[in-house]
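Okay, thanks for having me up.

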Amino acid sequence: MPEIVTLPSARYSASSDFFAVDRAFLGVREAAAYLGLSPRTLYVWRHRRQGPPSFRLGARGRVTYRLDALDAWIREQEQADSRSNPALDPVSAAPQRRAGYSATA
C-alpha cells in the first residue's frame with residue numbers, strides 16, 4: 001500500500017500522484033501539486049504577477065490559493081490556447097495583407 005504524506009491542507013500519495021483536497025484553500029506546495037507544477041514555478045509567477053490568483057492569509061501571511069480560482073485559471077488557459085479554442089486557430093484565419101504593400105512584380 002502506498003505511503004500517504006499528510007500536508008497541512010491536503011493528503012498527497014507520493015506513489016500514485018493522487019491528490020485529495022480537504023479544504024477550499026491550498027498552500028503553495030499543494031497548489032503546485034494540484035496544477036502539476038513545481039512550487040518554484042508558482043513563486044516565480046507570483047513575483048512576476050502571472051499565473052493563478054493568490055493572496056496572503058493568516059497571521060504569518062502565508063501565500064494561499066483558492067481551489068475554485070485555480071480551476072477557473074485552468075479554464076482560462078484552455079480558452080487562450082489555439083489547440084483548445086478553434087476560434088484562435090491560425091490556420092482558419094483569413095490571410096492579411098501588409099499595409100502599403102503592393103503585390104505587383
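So, what percentage of the 105 residues in the protein chain is buried? It's 23%, and keep in mind that this is a predicted model. The chain exposes about 8,300 Å², with carbon and sulfur atoms supplying 51% of that.

On to the layout. We have 3 helices and 6 strands, and starting at the N terminus they go β-β-β-β-α-α-β-β-α.

Let's look at the helix pair. The axes of H1, residues 28–35, and H2, residues 39–47, come within 8 Å and cross at roughly 105°, which makes H1 roughly perpendicular to H2. On the H1 side, the contact uses Val 28, Arg 29, Ala 31, Ala 32 and Leu 35, and H2 brings Pro 39, Leu 42 and Tyr 43. By type, that's 7 nonpolar, 1 charged and no polar.

Now the rings. The whole structure has 2 aromatic pairs. Phe 25 and Phe 55 have ring centres 6.2 Å apart and planes at 80°, so that pair is edge-to-face. Phe 25 sits in strand E4 and Phe 55 in strand E5, so the pair ties together parts 30 residues apart in sequence. Phe 25 is partly exposed at 27% relative accessible area, and Phe 55 is partly exposed at 29%.

Then there's Trp 45 with Trp 73, a tilted pair, 5.6 Å centre to centre with 55° between the planes. This one links helix H2, where Trp 45 is, to helix H3, where Trp 73 is, 28 residues apart. And which of these two is buried? Trp 73 counts as buried, at 14% relative accessibility, while Trp 45 is partly exposed at 22%.

Note on methods: Residues numbered from 1 in each chain as written. Predicted model: local features only at pLDDT ≥ 70, side-chain atom pairs only at ≥ 80, totals over all residues. Heavy atoms only, no water. Axes fitted to C-alpha atoms, helices over the stretch in contact; angles between N-to-C directions. Helix = DSSP H or I, 4+ residues; strand = E, 2+ residues; numbered from the N terminus. Parallel < 35°, antiparallel > 145°, perpendicular 65-115°, else oblique. Contact = heavy atoms within 4.5 Å. Nonpolar A, V, L, I, M, F, W, Y, C, P; charged D, E, K, R; others polar. Buried < 20%, exposed > 50% of the residue type's maximum accessible area, 1.4 Å probe, protein only. Areas by Shrake-Rupley, 256 points an atom, 1.4 Å probe, with all protein chains shown as cover. Phe/Tyr/Trp six-rings, centres within 6.5 Å; stacked < 30°, edge-to-face > 60°.
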